[in-house]
Amino acid sequence: MKLPEKIVLKDFQIENLISNKNYADAADYLFNSQVNSWELMKKNYDALKNIQTKSFWLEGFKLKVQFNPERIKSTSAAVDEDSVKSRECFLCIENLPEEQKGILLMDNFLLLSNPYPIFPQHFTISSLNHQPQMILESFSEFLEVSKLLSPRYTLVYNGPACGASAPDHLHFQAGTKNFIPIEDDIQQLKNDFGKIVQEDEFITTSIIDDGLRKLILIESTEQKKLENSFSKIFKMLKKLSKTEPEPLMNLLCNHDEEFGWSLIIFLRSKHRPECFYKNDPDRILISPAVIDLGGVVVTPREEDFKRVDEELLQQIFREVSLDMETFSVLAKKVKNEFR
Ligand SMILES: [Zn+2]
């Protein structure tokens, strides 16, 4: 598909990077160009540099909390069917801001800078077509985009009912590599809390319960093998959890020339914790999606940022992660499947 003229950044250097299929550097170039020419974006990325954060070290891993007022819209977004139907889709090309430029990825995805960042460089990768957020049908594209951007960026996915603020429009997000603590911690988590359930020279699948989160890690050099394992796990979980349109999950993916893909599946039981729906002063506006579960918890309100402690984070993470019973059954089924 061809992009509308107004969205293409006409610049010799970026055209050169794209024609050499150097999409990671092209994304970085696009980012810098947009930050320099788009006032709102510059303001928000400048603000991000001076943002307050605090860190907690739990058993074997790290959690950061980020006080990020610009994320209020996304954190508190109404994503029920009626609310979504009654608003204009902000990812459809015709509704993008005037200043927005993008890069075409693999013929049907558009890479855009995100003007409301969590990462030092934050992108949205949205489908050119207005189609529902669903991962199984777009999983091979997810892996391919991850490979294209991996020299600089990590690719993530939020399920339509557990974090995506546009459940009606297929999209991924990408951000600065190694910004999310779990990227550094995952091998340690695998060693300390993981069970390997599938292993040959091309693929290793591990099931991990670190006390807060329920995870599956798939590491593979073979795209087809990875797709096959993911699809099996997806279908088993769908049958067990009976959630529509897909089992609740968030994904985080990296690709390495030597070691291949590393895919983390965060298994979920629900979208938002109880405290999200309470009235002030008991309300805590945290709406966990993949970046939060990976260890950068976003609080758009200062009172919540101040109040968050280790105990509250543990409680929220446990509450939104897959329940122990379903997790145990899934772990057994996955083990049997790959035996
Ligand atoms: Zn749309």
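Mentor: Donors are N, O and S atoms within 2.8 Å of the metal, and we shall need that cut-off for the zinc ion in this predicted model.

Trainee: How do you know which residues are the donor residues of the zinc ion?

Mentor: The coordinating atoms are SG of Cys 89, SG of Cys 92, ND1 of His 130 and ND1 of His 169, at 2.0 to 2.3 Å, and donors are counted within 2.8 Å, so these atoms qualify. Along the sequence, the donor residues are spaced C-x2-C-x37-H-x38-H.

Trainee: What does the pair of Cys 89 and His 130 tie together?

Mentor: Cys 89 sits in the loop between α5 and β3, while His 130 sits in the loop between β5 and α6, so the pair ties together parts that are 41 residues apart in sequence.

Trainee: What makes the arrangement around the zinc ion tetrahedral?

Mentor: The 4 donor atoms subtend angles of 101 to 120°, and four donors count as tetrahedral if all angles lie between 85 and 135 degrees, therefore the arrangement is tetrahedral.

Trainee: Why is Cys 89 called buried, and why is His 130 called partly exposed?

Mentor: Buried means under 20% relative accessible area, and Cys 89 has 7%, so Cys 89 is buried. His 130 has 44%, which lies between the cut-offs of 20% and 50%, so His 130 is partly exposed.

Trainee: Why is α6 called oblique to α8?

Mentor: The two helices pack at an angle of about 135°, with their axes 10 Å apart. Roughly perpendicular covers 65 to 115 degrees and roughly antiparallel begins over 145, so this angle makes α6 oblique to α8.

Definitions and conventions:
Residues numbered from 1 in each chain as written. Predicted model: local features only at pLDDT ≥ 70, side-chain atom pairs only at ≥ 80, totals over all residues. Heavy atoms only, no water. Donors = N, O, S within 2.8 Å, 3.2 Å for Na, K, Ca; no water. Tetrahedral: all angles 85-135°; square planar, octahedral: opposite > 155°, others 65-115°. Helix = DSSP H or I, 4+ residues; strand = E, 2+ residues; numbered from the N terminus. Buried < 20%, exposed > 50% of the residue type's maximum accessible area, 1.4 Å probe, protein only. Axes fitted to C-alpha atoms, helices over the stretch in contact; angles between N-to-C directions. Parallel < 35°, antiparallel > 145°, perpendicular 65-115°, else oblique.
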